[in-house]
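Hello,

Here is the structure I promised to pass on to you. Have a look at it first, and then read my notes below.

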Amino acid sequence: MIQADILKPMAVLAAWTMIMWIWMYATRIPAINKLPKPTEPGADAGWTGAMLEALIPREIQWKAHNYNHLHEAPTVFYAVALALAITGQGDGLNAQIAWAYVVLRIVHSIWQSTVNKVMPRFILFTLSTLCLMALTLHLLLGQFH
């Protein structure tokens with residue numbers, strides 16, 4: 001079995017993604033249920049997130065936006081972290097950088113889901129991306145040394 005500290009922040013980010021899923025639907029379903037009922041049968045069939053943008057409050061949608069964001073750059077994090085773990089590079093500095101990445105992503109989630117001011121959110125995203133870049137660089141250096 002692979003023993004690497006980097007697997008812990010990976011597990012925490014995966015768990016956080018599930019927490020965001022719960023938060024998203026805990027707020028979105030009640031908002032959808034408050035919408036006026038369509039007068040035509042089937043008028044609400046096939047709704048998409050884009051259709052809901054105009055129908056429910058933006059503060060509710062912020063959770064869904066963040067949940068989607070947790071399936072973008074973090075997928076690269078999972079791949080890089082797993083590769084680091086498999087190649088024996090998942091401890092020490094790389095594990096610390098991974099923890100920084102996860103903490104920044106969680107703070108980003110909370111910020112985007114509640115306050116959602118763009119510049120602080122961008123700074124959090126940029127800092128987390130710098131962590132991801134460092135992990136990716138370490139993986140590359142380890143493979144091509």
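Helices here are DSSP runs of H or I with at least four residues, strands are runs of E with at least two, and both are numbered from the N terminus. By that rule, glycine 49 sits in helix α2 (residues 49-53), while arginine 28 belongs to helix α1 (residues 7-33). This is a predicted model, where local features need pLDDT of at least 70, side-chain atom pairs count only at pLDDT 80 or more, and totals for chains, interfaces and linings use all residues. Residues are numbered from 1 along each chain as its sequence is written, and side-chain values use heavy atoms, with hydrogens and water left out.

Let's start with arginine 28. Its side chain makes a polar contact of 3.2 Å with that of glutamine 61 (a pair of N or O atoms within 3.5 Å; within protein, one must be able to donate a hydrogen and the other to accept it, and residues adjacent in sequence count only if both atoms are side-chain atoms). Setting aside residues up to four places away in sequence, glycine 49 touches Arg28 and Gln61, where contact means heavy atoms within 4.5 Å.

How exposed is glycine 49? Glycine 49 is partly exposed, at 33% relative accessible area, because buried means under 20%, exposed over 50%, and partly exposed in between (1.4 Å probe, protein chains only). Tryptophan 21, at 40% relative accessibility, is partly exposed, and tyrosine 25 is partly exposed at 32%. By contrast, phenylalanine 77 and tyrosine 78 are both buried.

Enjoy exploring!
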